[in-house]
Structures are given as C-alpha cells and as structure tokens.
Amino acid sequence: MSRDGQDASAPLSVRRPRGQTEPVPRDSIPPASSFWFGATERPLFGWYHAPAGQTARATVVICNPFGHEALVAHRGNRRLAQRLAAEGFAALRFDYDGTGDSAGSDDDPGRLEAWLDSVRRAIVEATTLSRSNRVILIGLRLGALLAALQADRSVVAALVLIAPPRSGKAWLREMRALQSLKDAGRRPEDIQPDDLGIAGFMVGEATRHDLSNLFFSKLKHQPAKHALVVARDDLPSGEPELVACLRGLHVDAELCKAPGYADHMTEDPFKSQVPTQMFDAIIAWLDPLFPTDSYRDEPSRSNTVAPVSVRPSVTNMMTPTPATRERVVDIGGLFGIVTEPAVPSAQVRTAVLMLNIGANNHLGSNRMYVRMARAWAEQGFQVLRMDFSGMGDSPVASHGKENDVYATRFLAEARAGLDFAQTQGATRFVLVGLCSGAYVAYHTAIADPRVSGVVMINPLTFHWQEGDSLEIRMRKSFKSTTQYRRALFRVDTWRRIAGGNVGVAAIGAELARRAERRSLRELKSLLAKVTGGIAEATDVERGFRQLCARGAQCLLVYSAEDGGIDVIEEHLGRDAGDMRRVSGFHMEIKHGPDHTFTPLWTQDWLVSLITSHLLERHGSGSP
C-alpha cells in the first residue's frame with residue numbers, strides 16, 4: 001500500500017489522486033486568466049490556471065493537438081487544467097504560433113520550429129507566473145510529439161504523452177485518412193488536387209516534409225526524469241515501443257491504459273466526452289512525484305504566485321496585423337475577443353457578432369472565425385467572437401449544462417453581446433452564425449430591432465424545443481434531395497447499398513416526406529394564384545419578411561449538398577423563390593463545401609462572399 005492508503009500496484013486507470021474521489025466541485029475551481037504573451041510581434045494566446053492555495057506543486061504546460069483535433073480537445077484540455085489547478089499545480093494551456101487565438105496563420109513558413117518555440121515560450125511564461133521551475137509537459141496527439149522534442153532541448157521534470165503518434169509521418173497518414181472520410185461522397189470536380197488542407201486546416205508541403213522527419217527515436221538526451229505514456233483505447237499505436245524507447249534514454253517511463261481517449265477525440269466537439277478516468281490516472285501518477293510540500297526543495301525561488309495584472313510580459317491586447325488589434329473582453333461573465341481596426345474609423349460603426357458553431361468554441365470551425373474577424377477588421381468593422389455559457393471558455397450558467405448548442409438562454413446572451421457592442425460605439429449590428437449559430441442569429445434578429453443584418457450559413461432548423469435531443473437530430477440528419485438524386489447515378493452508391501451501408505428505408509421515408517411537403521406548398525401557391533389570393537406564409541417566411549421590411553439585410557449561404565436546403569425550401573418555396581424578389585433577401589448555394597466548409601478553397605470563397613456582402617450592405621456609405 002502507498003502512503004495515501006491506495007494499492008500502489010493497481011493500474012493507473014483505477015487509482016485516484018489522494019483525497020480526490022469525486023469530480024471537482026464547480027465552486028472550488030481556481031480562477032483562470034487569459035492573455036497574450038511572448039514576442040510582441042508574434043504573441044501567443046494562453047490561459048493560466050492559478051494553483052489552489054499560495055504555492056504551486058509544479059508547473060504544467062499543456063500542449064494542444066493540431067487543427068481539427070485541437071477544436072475537439074478544447075473542452076477536455078480546459079477541464080484538465082482546472083483539475084490540475086484544484087490539485088495545487090499551476091497550469092498553462094496555450095495556442096501555438098499561427099493557431100487558435102495566437103498571431104499568425106497556418107500557411108506561414110517555418111511552422112514546426114514556430115510550434116516548438118511556442119512550447120519553449122509557454123514554459124518560460126508559465127514558470128515565471130507560478131514561480132516554480134519544476135516543469136511538467138502534457139501533450140495530446142501531435143502535441144505529445146512536440147512536447148517530447150522540446151523537452152529534449154529544455155529542463156523538464158516529467159512528461160505526460162497522451163495518444164502520441166508513432167511519428168510525424170504516422171500522424172500525417174492518420175490525418176489524410178480523416179480527410180478521405182470527409183471527401184467521401186463529394187463530386188470529383190469538387191476535390192481540388194492542389195488542396196493542401198487536412199480536415200480544414202492548411203498543412204503546406206514544407207510543413208509536411210518537416211513533420212515526416214519527426215521520430216521519437218531521434219531524441220538525443222533524456223527528455224525528462226519521469227514519463228507517463230497514455231495509450232489509445234480504440235486501436236494500438238505503438239505506445240509500448242515508445243515506453244521502451246524512453247527507458248533506453250534512462251527515463252522512468254510507465255504505460256497507462258486508462259480509458260477515455262476514443263470518447264474524447266471524436267469527429268465532432270459536440271460528441272466529445274471529458275475523459276475523467278484518464279485525468280484521474282494522470283493526476284494519480286503526478287501526485288507522489290510532486291508532493292504538496294515539494295516547493296520547500298527550492299529555497300532559492302519564491303513560490304508566491306505572481307498576479308497576472310502586474311506581469312509586464314502579458315497583455316489583454318495584441319495586434320494580429322499592423323492595421324488591426326484584438327482584445328479580451330468580458331460580457332457579463334461570458335468570454336469574448338474583439339477584433340477591430342487599430343485606428344477606428346468614424347465612418348464605420350458596424351459591429352459583427354460571430355456566434356458559436358455547434359459545440360465549437362469562438363475560433364469557429366476550421367478556425368474560420370479568426371480568419372474572418374481579422375479580415376473584416378481590416379475593412380473597418382468591429383468584430384466580436386463570443387462564447388455562450390457552457391461553450392468554449394465561458395462558464396456554465398446556473399442550472400445549465402455544457403454543449404447545449406440550442407439552449408434558449410443563448411438568445412438573451414446574444415442580445416448581451418449586442419449591448420456590449422453598443423457600449424463600444426457601434427450603431428449597426430450584424431449577426432453571423434453557422435448551423436446552430438445561424439439559428440440563434442435568426443431568432444435574435446427577429447426579437448431585437450437593433451439588428452441590421454444576419455448572415456446564416458447552413459442552418460439545419462428554425463424550430464427547436466427545449467429538451468430536444470441534438471444527438472438524435474444528428475443521427476437522423478439527411479443530405480439535400482439534389483445530393484441523393486445525383487448519388488443514384490454513381491456506381492459506388494449501388495455498391496454501398498448492396499453492402500448494407502446505406503439506410504435506404506430511412507432515406508426513402510425522408511425523401512417522401514419532403515416531396516409531400518413540397519407538393520402541398522406548391523399546391524397552395526397555385527390555388528392562391530388561380531383565386532387571386534395570397535398563399536399563407538409559414539412563421540419562418542413571415543420572420544424573413546419582417547426583417548426585410550424594417551431594412552435588415554439577410555444573407556443565407558448553403559452548401560449544395562446540405563440538408564438545410566430542403567428545410568428552407570419548405571418555408572420559402574423551391575430555391576427560396578418566394579423571397580428572392582424581396583429587397584434585402586439574398587441566398588447563395590455553392591457546390592463543393594461540406595456542412596462546415598472544410599475544403600480550403602471553399603473557405604476562401606465563403607470569406608470573400610461575406611466580406612463583399614458586408615462592404616456593400618453594411619460598410620461606410622451603405623444605406
């Protein structure tokens with residue numbers, strides 16, 4: 001038995017940290033501070049979670065995965081940092097150069113060295129804030145490989161490597177496989193051969209070359225005295241071999257088989273589950289290595305946590321481009337980032353509010369919101385990216401829950417965003433959202449006359465009842481009728497049907513339902529024309545007409561294969577013909593994008609389309 005009464009021989013998946021048997025109570029989580037740090041010309045964004053009490057047992061730096069995996073892991077990483085802080089560890093989670101809320105872009109040169117330098121800078125910042133030089137690097141997926149490589153160059157006490165790929169080349173293969181799954185069913189002409197995107201993010205040729213040369217076997221020195229390798233629980237990935245490699249470098253390495261990875265790293269952030277057992281195992285492993293009185297072994301250093309407010313190297317404002325600036329804002333307890341012109345123009349008083357896409361945080365799918373915000377700020381707009389309560393980096397509302405993507409409270413929170421933008425001098429307001437964000441944008445615009453425009457991208461529904469299951473809705477979601485018609489002429493479709501891989505009955509029932517509703521609407525329209533009357537509008541059509549009548553500009557953008565097209569046609573007629581002649585209503589349908597605009601060229605198209613719309617309809621000189 002160990003000194004805390006636990007069976008030291010028990011596997012890490014069932015051992016619990018000393019004194020911790022239940023999830024950390026919400027009111028016991030130490031506060032966190034967000035800021036930019038590092039080089040003034042290329043600042044990095046981070047969250048520092050101060051340790052419970054006055055001293056830090058050690059300093060933990062959490063290294064993200066890359067791209068889509070980082071979006072999925074965001075909620076789990078935040079929970080892990082909170083758990084660590086509650087256990088007395090100082091924790092810093094951060095975005096690499098060109099990722100997340102940090103400066104730069106994923107198509108900048110020198111990505112690998114920039115990411116490794118980001119880890120180095122994060123270590124320096126975290127130890128300065130915590131006043132503890134015992135460093136623990138925790139890396140997930142590609143972040144595990146980056147953590148190990150930077151540890152080889154730094155002084156690190158311990159490494160925690162979660163589901164590390166065998167190599168950079170192996171990680172690239174996995175990401176290409178993920179991209180192939182996303183490309184399945186798309187028209188060949190929509191898949192551009194020069195597309196360097198991997199699941200929505202740019203990975204250029206130089207970066208691929210550099211990653212292909214990354215191997216754990218290239219570690220030259222002992223990267224840390226202790227290491228924990230957390231294995232995947234969905235498929236083998238060479239973790240035992242990595243443990244052997246680390247032991248060959250005189251590292252006290254241990255393999256952990258705690259479950260949780262597969263449920264955590266899903267294809268959609270909404271489905272991602274916080275891997276509580278995995279986090280329990282990690283903290284149980286750290287607990288005896290860094291006891292609560294360990295700071296007394298460092299008499300030469302002060303252990304009082306430095307208040308972030310007096311640290312000269314961190315700031316709540318940065319300049320992503322010479323013409324723009326970004327700042328962290330608090331919107332009644334909700335987290336937000338404002339991107340605006342460095343020198344605000346008196347001619348442009350339009351604020352653009354970007355609302356959460358599903359369970360994605362304020363970065364948006366594929367980091368599109370960051371790209372859009374910085375592009376629009378260069379055109380003179382104020383742009384607010386905000387997280388609703390229980391989403392991204394905003395705390396859960398009382399009696400609320402995380403990832404409740406259609407929560408009715410979001411309508412009031414969106415209006416709080418409008419209130420905030422108004423205090424910043426805005427006089428016109430545009431709401432932008434994709435999927436559930438489009439749903440919130442539409443209903444907020446209906447309720448708040450201050451809204452002068454909405455941009456709705458692939459909304460799946462206009463009606464939602466509290467208590468409806470998004471999981472069931474997602475399982476029953478269908479592609480557009482046009483997509484199914486086109487699929488009938490493809491050989492691979494019939495092969496999938498023969499193999500039982502297509503829900504023919506469910507699809508057939510959905511198409512029949514759509515045909516019935518479409519025929520009924522067209523019949524009502526025909527009768528109205530014959531009798532000289534007016535066909536009764538649905539509540540959605542009345543809503544759009546109300547918006548346009550008060551002068552609001554409505555832009556709807558749909559992927560040609562998205563099932564939302566059939567939803568809007570149920571309300572506005574085929575190709576939204578009933579509204580196309582109404583001033584202020586605009587609708588674009590584009591072949592090629594998937595629901596979240598994963599292909600890079602479709603992202604370029606979308607940014608260009610909305611930018612032109614904003615400048616024409618809401619820029620200086622517009623009515």
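**Terms and values**

Reply: Beyond its neighbours within four places in sequence, serine 102 is in contact (heavy atoms within 4.5 Å) with Trp36, Pro43, Leu44, Phe45, Asp95, Tyr96, Asp97, Met318, Arg367 and Arg374. The model is predicted, with local features needing pLDDT of at least 70 and side-chain atom pairs pLDDT 80 or more, while totals for chains, interfaces and linings use all residues. Residues are numbered from 1 along each chain as its sequence is written, and side-chain values use heavy atoms, without hydrogens and water.

Me: Why does serine 102 count as buried?

Reply: Buried means under 20% relative accessible area, exposed over 50%, and partly exposed in between (1.4 Å probe, protein chains only). Serine 102 has 0% relative accessibility, and therefore counts as buried.

Me: What is the angle at which the axes of helix H2 and helix H3 cross?

Reply: The axes of H2 (residues 111-130) and H3 (residues 142-151) cross at roughly 70° and come within 10 Å.

Me: Why is H2 called roughly perpendicular to H3?

Reply: Angles of 65 to 115 degrees count as roughly perpendicular, under 35 as roughly parallel, over 145 as roughly antiparallel and the rest as oblique. The crossing at roughly 70° therefore makes H2 roughly perpendicular to H3.

Me: What makes up the largest nonpolar core?

Reply: A nonpolar core is a set of buried Ala, Val, Leu, Ile, Met, Phe, Trp, Tyr and Cys residues joined through side-chain atoms within 4.5 Å. The largest has 75 residues, and Val352, Met354 and Ile610 are among those with the most contacts inside it.

Methods
Axes are lines fitted to C-alpha atoms, for helices over the stretch in contact, and angles run from 0 to 180 degrees between N-to-C directions. Helices (H or I, at least four residues) and strands (E, at least two) are DSSP runs, numbered from the N terminus.
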